[in-house]
Amino acid sequence: MFTFQGRGKSVTCNGQTRRDFLQVGTLGALGLSLPHLFAAQAQGAVQPDHDDRNCIMIFNLGAPSQLDLWDMKPDAPAEVRGPFKPISTVNPDLQISEILPQHAKIADKFSLVRSVHHTGAAVHDAGWQMMQTGRLFTGGVNTPHIGSVVSFERGRKTDLPAFAVLPQLMGRGGGNMPNGQAGGFLGKAHDPFALNADPSQENFKVPDLLPPIEIDSSRLERRRRIRDLVDQAAANFEASENADLLGSNFESAFRLMTSPKAREAFDLTKEPTKVRERYGMNRFGQCCLLSRRLIENGVRFVTINTFLTVFDEITWDIHGSKPFTSITGMRDIVCPLYDQGYSALIEDLDQRGLLDSTLVCNLAEFGRTPRVNPAGGRDHWPQCFTCGFAGGGVQGGRIVGASDPIGAVPADRPVQPADVAATIFHSLGFDMHAALPGPGGRPFPIVDSGHNPIHELF
């Protein structure tokens, strides 16, 4: 609820002023529930030659099994290789799992890094932090998501936000730690815009964004006049950063809410039925389609969470027994929707001439254990896993790094989360030596010293 200060004034025992409060009501009453969004314009190093580069980060929440999908070991013992067979792809140098047949058809457009690893705990939250920010949160410092850095440095292109998360922010991971999908020390102004809706639903609409259709223009304008209360109250504020933020956020939110371009970007009914069906009429598939539309309409960075939590839904978290997913569940439910949605996105971006200017990265918090467990599944394994990259200057069809014969540890070209972050920043044209205004005003490097982009991809 927004609370505006009136003219009454008193002084507390510690000398701070206290004014009578006028509660205008929630932003929801205005049709403007946009929490912690829209900061002041971007600051820092902007490189115009890469200003048109964008990123779609697909975060495979739950962690796929590298051994059953992208880094198969057909000659290993049965308890290592698992139940699936490798198949050939359009790339003669690459074989992947038989349960990803659509990936096989576009294997010349994406590249794999098979030697990613980290030293964080084998819990989801730790991996979420490291893979989305390049760091494990320590000492009370929450590092911003890569998309939040993009928002801070480059700002918005249009009325749409610079950074969005589909379909919503991650839920619980079991570790009770921040998940890394926030602005961190850059402030809530650089938190992502979260859709908070399922775009595959027939009655899909964006809550907190578009005004209800029953509000006509005159009523909407009357509600805008509430802004006058903000202006009047601002004269009574002590000068503060929060007051400035309130004003800029209100204007940004109102501009987005009333923007025809925003309506257009989020309106999936504009897409032919054939296109929507190609992506898959499920939550992940339609989020992939929506991400393409948002990129087309000026959003710089979109994160798609393939799943929302590792509890009580079928995910990549294939421990093998309830409440988690079995390998059969991955084969029959998870992989078909993922295979369809991802391949459609890459093909669509390519056909529209957007792939070279849009990096699509497929990340996860860790991999799965080299050996199948007694329940027939695989457990958490941060020691070695695979990430994928396409577009954004990445050359398709490449394989970087290698794991050992059982997929347990990197055998060649080890890659850490900070290197993955550096690769994304490199694709977007960031200076690897640039610094952010960190806690206490101290310079905070975008990427820690000693970590570099995976140049073999480009």
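Predicted model: local features only at pLDDT ≥ 70, side-chain atom pairs only at ≥ 80, totals over all residues.
Arg-154 belongs to helix H6, which spans residues 146–154. With a relative accessibility of 6%, Arg-154 falls below the 20% limit and is therefore classed as buried.

Gln-181 is located in the loop that runs between strand E7 (163–166) and strand E8 (193–194). Its relative accessible area is 3%, so Gln-181 is likewise buried. When residues up to four places away in sequence are left aside, Gln-181 is in contact with Gln-132, His-145, Val-165, Leu-169, Met-170, Pro-192, Thr-303 and Asn-305.

In soluble globular proteins, nonpolar side chains tend to be buried together. The largest nonpolar core of the model comprises 102 residues, of which Phe-389 and Ile-424 touch the most other members. The greatest contribution to this core is made by helix H13 (residues 327–351), which supplies eleven residues. Leaving out residues up to four places away in sequence, the contacts of Ile-424 are Cys-55, Met-57, Ile-146, Phe-301, Leu-359, Cys-361 and Leu-363.

Nine aromatic pairs are present in the structure. In one of them, the ring centres of Phe-311 and Phe-324 are separated by 6.4 Å and the planes meet at 50°; the angle lies between the limits of 30 and 60 degrees, so the pair is tilted. Both Phe-311 and Phe-324 are placed in the loop between strand E9 (301–305) and H13, and the pair therefore ties together parts that are 13 residues apart in sequence. Phe-311 is partly exposed, at 22% relative accessibility, and Phe-324 is also partly exposed, with a relative accessible area of 25%.

A further pair is formed by Tyr-338 and Tyr-342, whose ring centres are 6.2 Å apart; because their planes are at 5°, this pair is stacked. The two tyrosines are four residues apart in helix H13, which means that about one helical turn separates Tyr-338 from Tyr-342. Tyr-338 and Tyr-342 are both buried. Together with Phe-110, Phe-284 and Trp-316, Tyr-338 and Tyr-342 make up one aromatic cluster.

Most residues other than glycine have a negative phi, and most peptide bonds are trans. A cis peptide bond connects Leu-166 to Pro-167, with omega near -15°, and Pro-167 is situated in the loop between E7 and E8. Lys-322 and Pro-323 are likewise joined by a cis peptide bond, for which omega is about 5°; Pro-323 lies in the loop between E9 and H13.

Positive phi values occur at Asn-176 and Arg-413, neither of which is a glycine. For Asn-176, phi is about 60°, and the residue is placed in the loop between E7 and E8. Asn-176 has a relative accessible area of 81%, over the 50% limit, and is therefore exposed. For Arg-413, phi is near 50°. Arg-413 is found in the loop between strand E16 (410–412) and helix H14 (417–427), and its relative accessible area of 25% makes Arg-413 partly exposed.

Technical notes: Residues numbered from 1 in each chain as written. Heavy atoms only, no water. Buried < 20%, exposed > 50% of the residue type's maximum accessible area, 1.4 Å probe, protein only. Core = buried A, V, L, I, M, F, W, Y, C linked by side-chain atoms within 4.5 Å. Contact = heavy atoms within 4.5 Å. Phe/Tyr/Trp six-rings, centres within 6.5 Å; stacked < 30°, edge-to-face > 60°.
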